[in-house]
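Hi,

Here is the structure I promised to send over.

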Amino acid sequence: MTDALPKPLPYHLAAQIRKGIIAGRYAAGTSLREEALEAEYGSSRGPVREALRLLELRGLVSHLPRRGFRVREYSAKTVSELYQLRSLLERFAVVQLQGRDLAPVIVELEGCNARMLQSREAGDVEGYLQENVNFHACILAYLGNEALTRTLAVLNEMAEPLRYAMLQKNLSRSRSVDDHRRIVGLLKKGRVADAALATERHIIDNLPRLLQELRL
């Protein structure tokens, strides 16, 4: 059975387990027993353990000596700190667009936002989330700031299960498409500082609703 699995195997397993964590199939605090995952995915112990280590680096899994791996749990304090830091760094990213030719990145941002709208109308939570990630990633890719990209990648990954859980309940009421449209509109006018502030607010304004929806 293992021979049929794609390579490199640990990365494949990490992607599959990640999907389960984000979708809530492996709930927060759930013990990720290596033996059970071996049986579920038809793999040996080594690749499963390496996959869990990869997910630990991405902030989705925690590990305690003699207790093994568990899906990350979230407190109100942790979520608040996560969103506050994300909002500041995303604002910083937009500020760095000052003085650049914005036409290429605006085209990409509008494309992401259009696909987000399509996903929302289709009730596609996964598609909506992916294009939301792509929207912000477009700016980071355009900047080419590796340190900022790596840092935000971990923060966004840690927030993904939370956003998925919230959007499952209220995808049709999500305002991110409108927020993104406002940000792009400001960039079109060359108002980079205002777009940066709108980006910060876009992220941090979601925090109270997230805490309420998830009862944290």
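Predicted model: local features only at pLDDT ≥ 70, side-chain atom pairs only at ≥ 80, totals over all residues.

Helices here are DSSP runs of H or I with at least four residues, strands are runs of E with at least two, and both are numbered from the N terminus. Buried means under 20% relative accessible area, with exposed over 50% and partly exposed in between (1.4 Å probe, protein chains only).

Residues are numbered from 1 along each chain as its sequence is written, and side-chain values use heavy atoms, with hydrogens and water left out.

Back to α1. The axes of α1 (residues 9-22) and α7 (residues 146-170) come within 8 Å and cross at roughly 45°. The axes are lines fitted to C-alpha atoms, for helices over the stretch in contact, and angles run from 0 to 180 degrees between N-to-C directions. The pair is therefore oblique, the class left over once under 35 degrees is roughly parallel, over 145 roughly antiparallel and 65 to 115 roughly perpendicular. On the α1 side the contact (heavy atoms within 4.5 Å) uses R18, I21 and I22, and on the α7 side E157, E160, P161 and Y164.

The length of α1 checks out too: its 14 residues should span 20 Å at 1.5 Å a residue, and its end C-alpha atoms are 20 Å apart, which agrees. That expected span is 1.5 Å times one less than the number of residues. Just after α1, G24 has a positive phi of about 85°.

The same check on α9 (residues 192-204): 13 residues should span 18 Å, and the end C-alpha atoms are 19 Å apart, which agrees. Its buried residues are V192, A195, A196, A198, T199, E200, H202 and I203, and they pack against α4 (76-95), α6 (125-143), α8 (176-188) and α10 (206-213).

What about cysteines? The structure holds 0 disulfides, a disulfide being a pair of cysteine sulfur atoms within 2.5 Å. For C112, the nearest cysteine sulfur is that of C138, 3.7 Å away. C112 counts as buried at 3% relative accessibility, and C138 is buried at 10%.

Cheers
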